[in-house]
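Here is a short briefing for a reader who is new to this structure. Please look at the sequence and the 3D view first.

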Amino acid sequence: MFFSVVIPTYNRLPILEKCLKALEQQHLDSQLIEGYEVIVVDDGSTDQTIEFLESHGELFKHLVLFKQDHRGPASARNLGVIKAKGDIIIFIDSDLVVTENFLLSHA
């Protein structure tokens, strides 16, 4: 199975960075998990979120970034679902720092 983790964000860069770093440290079982993407939908942030993510792509190999005008987290989640490629979609918020077994537990 392939996972899509959808994260709406708005002006949360410091904690979002921790969230994304934790998602890059996932322990995977190749018999259960083919792979995963981390979809971040920026909801019109003004705190340099976009610039940071675009300039640090080498740190976040699973990141897929989308941008929208500020319309709220529900709208950002909906855009993430539309763009998701995963068999399973997991929603988290940008202030959540997951464990290394987060995706494995969902599998």
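This is a predicted model: local features need pLDDT of at least 70, side-chain atom pairs count only at pLDDT 80 or more; totals for chains, interfaces and linings use all residues.

Residues are numbered from 1 along each chain as its sequence is written, and side-chain values use heavy atoms, with hydrogens and water left out.

**Strands around β1**

- Helices (H or I, at least four residues) and strands (E, at least two) are DSSP runs, numbered from the N terminus.
- Seven of the eight residues of β1 are buried, so the rest of the structure largely encloses this strand. Buried means under 20% relative accessible area, exposed means over 50%, and partly exposed lies in between (1.4 Å probe, protein chains only).
- β1 pairs with strand β2 (residues 35-42) in the parallel sense, over eight bridges. Two strands pair if DSSP finds at least two bridges between them.
- Within this pairing, Pro8 stands opposite Val41 in β2.
- β1 also pairs with β4 in the parallel sense, over four bridges. Here Val5 stands opposite Ile90 in β4.
- A right-handed β-α-β unit is made by β1, α1 and β2. Right-handed means that, with the strands pointing away from the viewer, the path from the first strand over the helix to the second runs clockwise.

**Salt bridges**

- Side chains of opposite charge can pair when their charged atoms come close.
- The count comes to four salt bridges. The rule asks for a side-chain nitrogen of Lys or Arg within 4 Å of a carboxyl oxygen of Asp or Glu. Among them are the three described next.
- Arg12 and Asp95 form a salt bridge through their side chains (3.7 Å, N to O). Arg12 lies in the loop between β1 (2-9) and α1 (13-23), and Asp95 in the loop between β4 (88-91) and α4 (102-106), so the pair ties together parts that are 83 residues apart in sequence. Arg12 is partly exposed, at 34% relative accessible area. Asp95 is partly exposed too, at 42%.
- Arg77 and Asp93 meet in a salt bridge (2.8 Å, N to O). The pair links distant parts of the chain, 16 residues apart: Arg77 sits in helix α3 (residues 73-83), and Asp93 in the loop between β4 and α4. Arg77 is partly exposed, at 25%. Asp93 counts as partly exposed, at 37%.
- Lys21 and Glu17 meet in a salt bridge (3.1 Å, N to O). Lys21 and Glu17 are four residues apart in helix α1, so about one helical turn separates them. Lys21 is partly exposed, at 41%. Glu17 is partly exposed, at 23%.

**Aromatic pair**

- The count comes to one aromatic pair. The ring centres of Phe52 and Phe60 are 6.3 Å apart and the planes stand at 55°, so the pair is tilted.
- Rings of Phe, Tyr and Trp (its six-membered ring) pair if their centres lie within 6.5 Å; planes under 30 degrees apart count as stacked, over 60 as edge-to-face and the rest as tilted.
- Both Phe52 and Phe60 are buried.

**Thr49 in α2**

- Thr49 lies in helix α2 (residues 49-55). Thr49 is buried, with a relative accessible area of 1%.
- Which residues touch Thr49, leaving aside its neighbours within four places in sequence? Thr49 is in contact (heavy atoms within 4.5 Å) with Thr9, Arg12, Leu13, Leu16 and Asp42.
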